[in-house]
Amino acid sequence: MSDIETLKQENRVFEPPAEFVKNANISGMEAYKAMCAAAERDYEGFWAQLARDNIQWQKPFTKTLNEADAPFYKWFEDGQLNVSYNCLDRNLANGNAGKTAIIFEADGGQVTRVTYKELHDKVCQFANGLKSLGVKKGDRVVVYMPMSIEGIVAMQACARIGATHSVVFGGFSAKSLQERIIDAGAVAVITADEQVRGGKQLPLKAIVDEAIGLGGCEHLKHVVIYQRTGANIKLVEGRDLWMHDVVAGKATTCEPEWVDAEHPLFILYTSGSTGKPKGVQHSSGGYLLWAMLTMKWTFDIKPTDVFWCTADIGWVTGHTYITYGPLAVGATQIVFEGVPTYPNAGRFWDMIQKHKATIFYTAPTAIRSLIKASEADADVHPKKYDLSSLRLLGSVGEPINPEAWMWYYKNVGRENCPIADTFWQTETGGHMITPLPGATPMVPGSCTLPLPGIMAAVVDETGHDLPNGQGGILVVKRPWPAMIRTIWGDPERFKKSYFPEELGGKIYLAGDGAVRNEQTGYFTITGRIDDVLNVSGHRMGTMEIESALVANPIVAEAAVVGKPDETTGESICAFVVLKRARPTGEEAKQIAKELRDWVAKEIGPIAKPKEIRFGDNLPKTRSGKIMRRLLRVLAKGEQITQDVSTLENPAILEQLKQAQ
């Protein structure tokens, strides 16, 4: 039975605990249905009221939704606000000044706490420092930082002065960084000397130097460096400055730059199915609203909660559920540096126990690796730790398989914590389909139902609704405030990628397949419909990896497919044709290692193929098209049952069965 069939037949249902329902922000299914009905009845009125109730506007908006230039939708466009003001100053005014905003735990276990007042002062000082360097409203700033309080400060400081930040994950290579600096037209890069992960010190500033050295970054004026490890690094005179020097003597107040609701808060690059990364552009007003609402709805946030999202600020999850959402609702949150398995695989459970986390939000990849670790070593099993502070669990990044869900529910939540299995994307700004912890009965492996105001549906290739039980394409039929506004500098690609003409040009195409349960209407995500892989919750275009492989001087051709992996969800399998004879034995292993290292250098370690298979050619039709569906079957180790009569070279399939 296929994974999809298994999920469709999943019939275990878990009701939210009665005590949780009683105190929930959205309590019971009737309350959820009433909110959905309100959105159906008066869509614009529904969002307008939420925006007025949740955001502090410097200038109130009078226009809610502008659809005149669809799909370039505008929300609250004549309103003015500042996102940093809403996250920080508001908390000083409402009695949260002395409340802990961030509990930061470094890779080595050292803990630093900052209050809302201290965080506000740090952000204002750095904002003033950036202004002194000439960074102004509308400028783009690339952030290439380790997980740190300083990383959050850098993002908030950009928001405060109206500069648009573009965070690049610290695992990306110099070439990937260079591409993003150029595409964004960044005037500054904020980085660190090094980052620390799993006890290892890894360079950041050296990679920035290498990226700039690749050329095309003439618009870049400054590199600001946070001193994380004290490593001996090279400073370029007139360009490079230490962060501590930039903030020295600066005032701890900084008047926020009031911006229009549609002002770009950030650009975040995500992989596309063609090689060039896409700069997903998000607004200020609509994005902030959804970050706040999903904190209140999905995470049922309360003033006494200690919230912990384990993501990196280099991904959208770290933007919405570390840098913006928790601060905008005045929460106390944990931020951690490092990896879940260092100093041992009990790190997450130890931190929950130590910091009394009440809400824990992590990825299925992490859960699966910790299941494996706890089976191998009873000392790092969650049962060995006091996790009684937890009241809610969350899952993010990819669908969670039912058995991992059950393990999480039983061993971490002790069958007492609802699990918010959240479906969303970089492009959506926040959660789209997820159980509400005080309302929705949960089914392992299903993200259940859309949030109020999200008009999700499953359709065929022509945009027609499909009956429940029939798999199809996931779409959202109406615009919502936090949605992507455009692809930076490429509006045509934006329309083609997300609002294709085949679907009418106004319906958002998620790029995922989905199926709805025949009885409940619950959604289950069945995987990408394009050539984008999901490895450990990180999206990577197959084209991007293929382009990196073919850029190697010894490679003639490459095709990349995904393969199910019980730890990472999906792993990368590359089929490679060299410009010389096909290698075998030890030589094949050696070349495979060299190519893996090459991809790591070109894109980053997360893009390294787990398997490389060499062939004299790739399976192609007589018209020259690579038969990727056959490669997917080979990668899984399954028998080819499809018709291969259209292949120009069927014998090649035998060669490509061998993995390196």
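The buried residues of helix H10 pack against strand S6 (140-144), helix H9 (174-184), strand S8 (188-192), strand S10 (200-203), strand S11 (222-226) and strand S12 (240-242). Packing here means contact, that is, heavy atoms within 4.5 Å. The model is predicted: local features need pLDDT of at least 70, side-chain atom pairs count only at pLDDT 80 or more, and totals for chains, interfaces and linings use all residues. Residues are numbered from 1 along each chain as its sequence is written, and side-chain values use heavy atoms, with hydrogens and water left out.

H10 covers residues 205-213, and its buried residues are Lys205, Ile207, Val208, Asp209, Ala211 and Ile212. Buried means under 20% relative accessible area, exposed over 50%, and partly exposed in between (1.4 Å probe, protein chains only). Helices (H or I, at least four residues) and strands (E, at least two) are DSSP runs, numbered from the N terminus. Just after H10, Gly215 takes a positive phi of about 95°.

H9 and H10 pack at an angle of about 60°, and their axes are 8 Å apart. H9 is therefore oblique to H10. Axes are lines fitted to C-alpha atoms, for helices over the stretch in contact, with angles from 0 to 180 degrees between N-to-C directions. Angles under 35 degrees count as roughly parallel, over 145 as roughly antiparallel, 65 to 115 as roughly perpendicular, and the rest as oblique.

**Backbone features in loops**

| Cis peptide bond | Omega |
|---|---|
| Ala70 and Pro71 | about 5° |
| Tyr342 and Pro343 | about 5° |

Pro71 sits in the loop between strand S1 (65-66) and strand S2 (74-75). Pro343 is in the loop between strand S17 (332-336) and helix H14 (347-355).

Glu415 is not a glycine, yet has a positive phi of about 60°. Its loop runs between helix H16 (402-412) and strand S20 (419-421). Glu415 counts as partly exposed because its relative accessibility is 48%.

Thr448, also not a glycine, has a positive phi of about 70°. Thr448 lies in the loop between S20 and strand S21 (456-459). At 0% relative accessibility, Thr448 counts as buried.
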